Amino acid sequence: MFIDSHCHIHFQAYKEDMDDVIKRTLSSGVFMITVGTQQDTSRNGLEVASRYEGIWASVGLHPNHLTAQSFFDDSELPPQEQSTPKIKTRAEVFDSDYYRTLAKHPKCVAIGECGLDYYRIPENTDRYGVMQIQEAAVRAQFDLADELNLPVIIHCRDAYKEQYDILHEYIQAGKLTRRGVIHCYAGNLEEAKKFVSLGFFLGFNGIITYPPRKTDVLTDGLSTSQLVIREIPLESLLIETDAPYLTPVPHRGTRNEPALVKNVAQKLADIKNISLDEVERVTSENAKRLFGIE
C-alpha cells in the first residue's frame with residue numbers, strides 16, 4: 001500500500017472522470033489525502049472522501065487564495081496548447097467557524113494546505129500588506145489545528161525562514177503537538193534539518209524526477225531536493241503527487257493522478273539506494289502516524 005499524502009482528486013481537472021480515476025487509483029494499491037485550498041474545495045474534498053474507503057481529506061485556506069489573481073503556473077502544470085487551465089484565485093478571508101465545522105467531519109485528518117507564499121504575490125499590490133494577511137491567516141489556521149488537535153499541511157514558497165520562525169514559536173509555546181508536513185518541499189538541506197528538528201515531515205512529489213534547473217546547485221550530481229532526500233532519514237519523509245499538478249517523469253506533460261505516486265516512490269528509492277518496498281512501508285507508516293489513519 002502506498003499513500004499519496006497530498007493530492008487534489010476533487011479538483012475541476014477531474015470533473016469528467018473523477019470516480020474512474022479514484023477507483024483506478026485505489027485498485028492499484030494507493031490511498032490518498034485529498035487537500036482543500038479554500039471553502040469550496042475543502043467542503044467538496046470531504047464529500048468525496050466520505051464516499052470512499054481509502055480517501056481522507058484536509059480543510060484549509062491556501063495563501064494564494066487570500067488575494068484575487070489569475071495565472072498560469074508552468075512549474076506546476078506544464079503548458080499544453082489550448083489545454084492548460086488558468087489558475088484563478090479569490091480574496092477569501094479565513095472564517096474559523098466555517099472551517100471548524102468542516103474539520104469536525106470524521107474524514108478530516110488535517111488543517112491545510114496553509115502557509116506563506118512570497119513567490120505568488122500579484123504585481124501592483126502592497127507586497128508587505130499581502131505578507132501580513134498571509135501571516136494572520138496561517139496563524140488563525142494553526143490556532144484551529146491546535147484547538148482541534150490536528151496536524152497541519154504547510155504550503156511554503158520563497159518563505160522558509162519566516163515559516164520556520166512561526167512554527168518554532170508555536171511549538172515553543174507547547175502548541176501544534178500533532179505537528180505536520182512541509183508539502184512539496186523545495187528548500188535547502190539546512191532548512192530541511194530545521195523543520196525536521198521541530199518534528200515535521202517533508203513531502204516530495206514529481207519535482208524530484210525532473211532534470212535539475214540551470215540555477216540549481218548540484219552536489220554529487222544531485223539537485224537540491226534530491227540531496228535533501230539522500231541526507232534526511234526516510235522516517236521524516238512523505239511521498240505525494242499534488243495531482244493534478246507536477247506529473248512525474250515519464251508522464252510529465254499530462255494530467256497527474258495519485259496512482260503515479262509510485263513513480264515518486266521509485267525515484268526516492270533510487271536516490272537513497274534502498275528498495276521500493278522499504279519506501280512503501282516506511283512512508284505509509286509515516287502518513288498513518290501523522291494523519292491518524294488506519
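Asp-95 caps the N-terminal end of helix 3, with a side-chain oxygen 3.1 Å from the backbone nitrogen of Asp-97. A polar contact here is a pair of N or O atoms within 3.5 Å; within protein, one must be able to donate a hydrogen and the other to accept it, and residues adjacent in sequence count only if both atoms are side-chain atoms. Helices (H or I, at least four residues) and strands (E, at least two) are DSSP runs, numbered from the N terminus.

A word on the model: it is predicted, so local features need pLDDT of at least 70 and side-chain atom pairs count only at pLDDT 80 or more, while totals for chains, interfaces and linings use all residues. Residues are numbered from 1 along each chain as its sequence is written, and side-chain values use heavy atoms, leaving out hydrogens and water.

Back to helix 3, residues 96-103: Tyr-99, Leu-102 and Ala-103 are buried there. Buried means under 20% relative accessible area, exposed over 50%, and partly exposed in between (1.4 Å probe, protein chains only). Down the helix axis, the buried residues of helix 3 fall within an arc of 95 degrees, so they line one face; the arc is that of the directions from the axis to the C-beta atoms. Asp-97 and Thr-101 are exposed on the face turned away from that buried side. The buried residues pack against helix 2 (39-49), strand 3 (55-59), strand 6 (108-117) and helix 4 (127-148), where contact means heavy atoms within 4.5 Å.

Now for the rings. The whole structure has nine aromatic pairs. Rings of Phe, Tyr and Trp (its six-membered ring) pair if their centres lie within 6.5 Å; planes under 30 degrees apart count as stacked, over 60 as edge-to-face and the rest as tilted. Here are two of them:

| Pair | Centre to centre | Angle between planes | Type |
|---|---|---|---|
| Tyr-164 and Phe-195 | 5.9 Å | 75 degrees | edge-to-face |
| Tyr-185 and Phe-195 | 6.4 Å | 75 degrees | edge-to-face |

Tyr-164 sits in helix 5 (residues 160-172) and Phe-195 in helix 6 (residues 189-197), so their pair ties together parts 31 residues apart in sequence. Phe-195 is buried at 1% relative accessible area, Tyr-185 at 3% and Tyr-164 at 14%. Ring pairs link Tyr-160, Tyr-164, Tyr-185, Phe-195 and Phe-204 into a cluster.

What about cysteines? There are zero disulfides, counting cysteine sulfur atoms within 2.5 Å as a disulfide. The sulfur of Cys-108 is 12 Å from the closest cysteine sulfur, in Cys-114, which is too far for a bond.
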